[in-house]
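Hi,

Here is the model I promised to pass on.

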Amino acid sequence: MLAIVGARPAAAQAAYPSRPIRLIVPYSAGGGADNAARVLAQRLSVTLRTQVVVDNRPGASGMIGAQAVAKADADGYTVLYDASTFAVNPSLRKMSFDPVNDLLPISLALTVPNILVVPPKAPVADFKAFVAWARNEPGKVSFASYGAGSPAHLAGELLNREARINMLHVPYKGGAPALADVIGGQVDSYFANAGSGLNYVQSGQLKALAVTSRQRMAALPQVPTIAESGFPDFEVLEWNGFFVPKGTAPAIVERLSAEVQAAVRDPETRARLVKLGADPVGGTPAEFKTFIASQTQRWAQLIQTNKITAD
């Protein structure tokens, strides 16, 4: 009788998942994170043999959706797909939950470089000329971002520090209006997410000067990295990854992590993510936890040094 009773929890775990999984994306539909989440959700729906439904909960730099997951039942049926701001918010904003203690990392999914872009009529032909321009006109050369603390903002602030220049930050409420004003010449530059900016570069609407990854982008092999252009320690990568509420059973965490890692290795899924400008990564929960800690510490130092605020 004891053997039968003891077997019930194992059988229940083996049945996971037995109903649809809600994948909360704390950003707007149609953005870079949302597009990648939908590619991965489609693959996970196949391998998990249940529907993985994307639920967009934008607002407060990703905190609204993340909080919804942090306070959800820890049963594996509410999963968070968050991005780089996860590691920035603790240093920049008051939070109603603790991202480290209230959420468990599942797996890093992908990284995405930024592309430093300028209007086609900008008075510079390459990255070195851009830095010289900004150095000669402190406070006048502007760079757009999609909000204080966004990767586009932090990339600009990092270049300010490393190159000892003083670009003017112009924040927008989203990537679309930022791109529009850079294309129109109202703002001088923008560290565009590769997923949203690549098409504009390829169509000639924007001119790419450099990329923020350590290696050149396969889609833009002629565009140098900032690291190879005189700033060897410069690297900014946006990232996406999966989380679940604290208290989720280890077996569920391991299952989800294994499925995410398998998804980013799947050739068809990888090809679709690469087309979005992403580098599929994957990884264990422990590896993802270490990665988040390093990212949080890195951006906390920059935010303090450059006196960045959310205002």
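Predicted model: local features only at pLDDT ≥ 70, side-chain atom pairs only at ≥ 80, totals over all residues.

Residues are numbered from 1 along each chain as its sequence is written, and side-chain values use heavy atoms, with hydrogens and water left out.

The structure holds eight aromatic pairs (Phe, Tyr or six-membered Trp rings with centres within 6.5 Å; planes under 30 degrees apart are stacked, over 60 edge-to-face, the rest tilted). One of them is F130 with W133, edge-to-face at 6.0 Å centre to centre and 80° between the planes. They sit three residues apart in helix α6 (residues 127–136), so about one helical turn separates them (helices are DSSP runs of H or I, at least four residues; strands are E, at least two; both numbered from the N terminus). F130 is buried at 0% relative accessibility, and W133 is buried at 15% (buried is under 20% relative accessible area, exposed over 50%, partly exposed in between; 1.4 Å probe, protein chains only).

F243 and F288 make a tilted pair, 5.1 Å and 45°. F243 is in strand β9 (residues 237–245) and F288 in helix α12 (residues 285–305), so the pair ties together parts 45 residues apart in sequence.

N160, in helix α7 (residues 151–163), counts as buried at 8% relative accessibility.

Cheers
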